[in-house]
Each structure stands twice: as structure tokens, then as C-alpha cells.
Amino acid sequence: MRVLRIIEGTSVDGPGLRTSIYLAGCRHGCAGCHNPQSWDFTAGTEMSLSQIMDVVEYNEMPVTLTGGDPLYHPGEVAELVEKIKELGLNVWLYTGFTWEEILGEQDLLDVVRKVDTVVEGRFVESLRDTSLLFRGSSNQRIINVHEALAN
């Protein structure tokens, strides 16, 4: 798994202090993306699951998976989320895939059903809205995964 960077702190990556894990690789190509350097699948520093979990365990904070787009690495991210959830930590996942696209792809859904919250949808520069919490454009939705799947 290639990780662009791991940071902690208050940010737009979910509520409160969080450990944010940036995964390399994205094919959405959203104009105005705040992190276009993360599109390259070979960017960043390669880290093992164990190395990532050492950081997560040390920080003892909820986790946000972002990028790039974590859903371009469904197998690795599913395994990572399972380990994070074993610690009892809340997990948010940011993706350019829409909820409908996720529901239509079993490998994406298998990952998403493990997380607590998904912020979904491609960033659309013409819909950019700095007043929104935790998202960049008004087309993006914050999905409580457990509630959405129960409905």
C-alpha cells in the first residue's frame, strides 16, 4: 500500500482531531482538486499495514482515509479498516465515487460497509462552497454508512 502522508490535527477531514491517511492514486481528475499530487499511484512513501497501524495506535484518534482515492485500493483499505475498527476507532472515508457507484460495485461496497462515514462524490469546481463542513462542493454528500445501508 502506498501512502502519500499521515498527518494529525484539526482539518476538513472530519470532526475533531483525527489521524488522516492519504493514499496515493486517483483517476477522477477533478478540476480544482486540493491535492492533485496524490493522483499519482507511485507517489508518496510505501508503508506496510503494520507501519500504518503503529501510527494509528500511537495517535489513539479517529481515522480519516483520503487521498487520492482510497477506493482505488479496495483490498488493502478493507484490511486497514478492519484493523482500525478492532481498536474501536471511528473511520471516515473520502472518495470521488458516488454512493450509487459504490452500491453498484461489490468490491467498493465491501470496503465502505466497514467504515462509519463516507464523504462521496467528485469535487466540482463550479459548485465549490467554503461554507460546507467536511466537503468542498455542494454535490458531495456525507453518508452515515450504517443508516444508509439499513434503509
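Biologist: Is Cys33 buried, exposed or partly exposed?
Modeller: In this predicted model, Cys33 is partly exposed, with a relative accessible area of 24%.

Biologist: Which cysteine sulfur is closest to that of Cys33, and how far away is it?
Modeller: The closest one belongs to Cys30, and the two sulfurs are 6.4 Å apart, which is too far for a bond.

Biologist: How many disulfides are found in the whole structure?
Modeller: The search of the whole structure gives 0 disulfides. Cys30 is in none, and its nearest cysteine sulfur, that of Cys26, is 6.2 Å away.

Biologist: Where do Tyr72 and Phe97 lie?
Modeller: Tyr72 is in the loop between β4 and α2 (74–86), while Phe97 is in the loop between β5 (91–94) and α3 (99–104). The pair therefore ties together parts that are 25 residues apart in sequence. Phe97 is buried, at a relative accessible area of 13%.

Biologist: Why is the pair of Trp92 and Phe134 called edge-to-face?
Modeller: The planes of Trp92 and Phe134 are at 75°, so the pair is edge-to-face, and their ring centres are 5.2 Å apart. Trp92 sits in strand β5 and Phe134 in the loop between β6 and β7, so this contact ties together parts 42 residues apart in sequence. Trp92 is itself buried, with a relative accessible area of 7%.

Biologist: Which residues form an aromatic cluster?
Modeller: Phe41, Tyr72 and Phe97 form one aromatic cluster.

Biologist: Back to Phe134: what is its phi?
Modeller: Phe134 has a positive phi of about 65°, although it is not a glycine. Most residues other than glycine have a negative phi. Glu60 also has a positive phi, of about 50°, and is not a glycine either.

Biologist: Where is Glu60, then?
Modeller: Glu60 is in the loop between α1 (49–59) and β4 (63–67). Glu60 is exposed, with a relative accessible area of 67%.

Biologist: What is the volume of the largest pocket?
Modeller: The largest pocket has a volume of about 600 Å³. It is lined by 30 residues, and those closest to its centre are His34, Tyr94, Phe123, Gly136 and Gln140.

Biologist: What classes of residue make up that lining?
Modeller: The lining of the largest pocket has 14 polar, 10 nonpolar and 6 charged residues.

Biologist: Another residue: where is Gly121?
Modeller: Gly121 is in the loop between β6 and β7, and it counts as buried at 5% relative accessibility. From C-alpha to C-alpha, Gly121 and His146 are 18 Å apart in space, and they are 25 residues apart in sequence.

Biologist: Last one: where is confidence lowest, and where is it highest?
Modeller: Confidence is lowest in strand β1 (residues 2–9), with a mean pLDDT of 54, and highest in strand β6 (residues 117–120), at 98. The chain averages a pLDDT of 91, and 92% of the residues score at least 70.

Terms used. Residues are numbered from 1 along each chain as its sequence is written. This is a predicted model: local features need pLDDT of at least 70, side-chain atom pairs count only at pLDDT 80 or more; totals for chains, interfaces and linings use all residues. Side-chain values use heavy atoms; hydrogens and water are left out. pLDDT is the predictor's confidence in each residue, from 0 to 100. Helices (H or I, at least four residues) and strands (E, at least two) are DSSP runs, numbered from the N terminus. Buried means under 20% relative accessible area, exposed over 50%, partly exposed in between (1.4 Å probe, protein chains only). Rings of Phe, Tyr and Trp (its six-membered ring) pair if their centres lie within 6.5 Å; planes under 30 degrees apart count as stacked, over 60 as edge-to-face and the rest as tilted. A disulfide is a pair of cysteine sulfur atoms within 2.5 Å. On a 1 Å grid over the protein atoms alone, a cavity is a set of points where a 1.4 Å probe fits but cannot get out, and a pocket is an open set with protein on both sides within 12 Å along at least five of seven lines; lining residues have an atom within 4 Å of a point. Grid points are joined across faces, edges and corners, and a volume is the space filled by probe spheres set on the points. Ala, Val, Leu, Ile, Met, Phe, Trp, Tyr, Cys and Pro count as nonpolar, Asp, Glu, Lys and Arg as charged, and the others, Gly among them, as polar.
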